[in-house]
Amino acid sequence: MASLRCNLLLLALLSLAAAVSAHNITAILEATPEYSQYNSFLTQTRLADEINTRTTVTVLVLTNGVMSSLAAKHPLSVIKNALSLHILLDYYDPAKLHKISDGSVLTTTLYQTTGHAPGNLGFVNITDLSGGKVGFGSAAPGSKLDSSYTKSVKQIPYNISVLEISAPVLAPGILNAPAADTNITGLLEKAGCKTFAGLLVSSGVIKTFETAAAKGLTLFAPNDEAFKAKGVPDLSKLTNADVVSLLQFHAVPKYTPKGALKTSKDPISTLATNGAGKFDFTVTTSGDQVTLHTGVGSSRVADTVLDATPLSVFTVDSVLLPAELFGKSPSPAPSMEPVAAPSPTPVLAPSPASVEAPSPLGASPPAPPSETPEGAPSDAPSSEAADSTSTNGAGHVSSPALLMTLLTVVSVTAISSVLLS
């Protein structure tokens with residue numbers, strides 16, 4: 001029994017140390033120089049962060065020659081929209097492309113989630129054509145299949161698939177979209193952040209924001225109700241310098257869309273960061289929810305007001321209070337463990353010494369053999385996909401904390417079963 005317990009403990013420790021596969025689109029594409037421009041634009045637009053946060057995604061990549069033609073004479077915000085249409089929110093490997101039900105399917109893209117795509121302009125039409133070809137085109141009525149599948153680049157079933165296509169998929173008007181409104185005060189007032197906008201103007205900080213926005217800026221604006229909440233300090237009692245620092249603490253000096261926030265693990269510096277104080281905050285995520293932690297309190301990122309490279313504007317539920325100005329939140333006092341009253345010793349009925357008590361945890365019957373669940377991908381990766389998966393290890397990263405927690409629970413449960421038996 002002791003030997004079995006030791007073995008289970010060792011198994012639990014090994015399970016905790018095991019790495020679970022994820023993906024990194026930047027590392028995947030770095031292995032192929034022919035996609036260097038496409039890879040560069042994914043980084044500049046921070047779409048790479050969006051891709052890496054998706055558990056199931058297909059990326060349609062373009063060669064350098066095709067990407068150069070697409071990017072010519074277009075601002076980064078337009079290029080981001082165009083590339084978002086090449087990020088499919090489903091898994092398609094070469095085998096699945098040739099086994100599409102009814103020969104054609106409309107699939108959702110990342111562009112559809114941005115709110116910039118009216119109607120079905122954020123969908124892509126995938127059609128299995130005669131002669132083994134697969135065509136891609138916009139789902140807008142009357143659109144042609146101007147692009148076709150060229151080759152497989154990389155698959156991690158059923159997590160990410162990277163496929164090369166011959167030409168860009170373009171929705172009507174996507175390259176002619178009007179420039180986004182970047183009037184910061186106007187955007188804030190429309191979003192219900194008039195108090196914050198007024199403070200920016202009266203303090204002169206708005207000029208700092210406007211200058212920084214040209215190179216990259218992310219703004220977290222508290223709504224009007226946040227300034228009325230309990231615990232918000234009286235700003236009239238702060239010095240002018242402290243008010244400026246407080247307002248600058250709500251801005252990050254680089255373009256950081258929500259997808260990039262989700263992948264942030266290190267403290268994030270703000271415009272208030274200087275040699276005298278860090279003025280930074282950390283980020284946690286739960287599903288699609290993003291929460292900012294300042295050391296004094298926390299605030300949820302509520303809505304996206306603007307996401308147009310190089311400017312992002314979000315509303316937050318609470319005023320962000322830096323620890324450098326308002327001190328860190330006190331640690332909770334240690335709780336006193338209740339002292340249990342002595343309980344009387346139960347009188348046990350006599351039992352024959354030769355009869356061994358049954359284990360409190362009976363062995364479960366073996367589970368029946370599982371079948372492929374309905375709705376799961378019915379086709380195993382093709383030989384082409386298998387080769388691209390096994391021969392290239394690029395793009396793998398360490399496991400998410402949630403999966404590691406699940407491993408812990410399973411391991412502890414197994415050990416407890418033996419110890420109690």
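The protein contains 15 helices and 14 strands, these being DSSP runs numbered from the N terminus (H or I, at least four residues, for helices; E, at least two, for strands). The model is predicted, so that local features need pLDDT of at least 70 and side-chain atom pairs count only at pLDDT 80 or more, while totals for chains, interfaces and linings use all residues. Residues are numbered from 1 along each chain as its sequence is written, and side-chain values use heavy atoms, with hydrogens and water left out.

Of the 421 residues, 39% count as buried (under 20% relative accessible area, with exposed over 50% and partly exposed in between; 1.4 Å probe, protein chains only). Among contacts (heavy atoms within 4.5 Å) between residues at least 6 apart in sequence, 66% join residues at least 24 apart.

Helix α6 (residues 76–84) is largely enclosed by the rest of the structure, because 7 of its 9 residues are buried. The buried residues are Val78, Ile79, Lys80, Asn81, Ala82, Leu83 and Ser84. They pack against α3 (36–44), α4 (47–53), α5 (64–71), β2 (87–88) and β13 (298–308).

β13 is also joined to β14 by a hairpin through 2 residues. These strands pair (at least two DSSP bridges between them) in the antiparallel sense over 6 bridges, and Thr304 stands opposite Phe314 in β14. Strand β8 (residues 217–222) pairs with β14 in the parallel sense, also over 6 bridges; the bridge partner of Leu219 is Val313 in β14.

In strand β14 (residues 311–316), 6 of 6 residues are buried. Leu311, Val313 and Thr315 point one way, and Ser312, Phe314 and Val316 the other. In a regular strand the side chains alternate between the two faces of the sheet.
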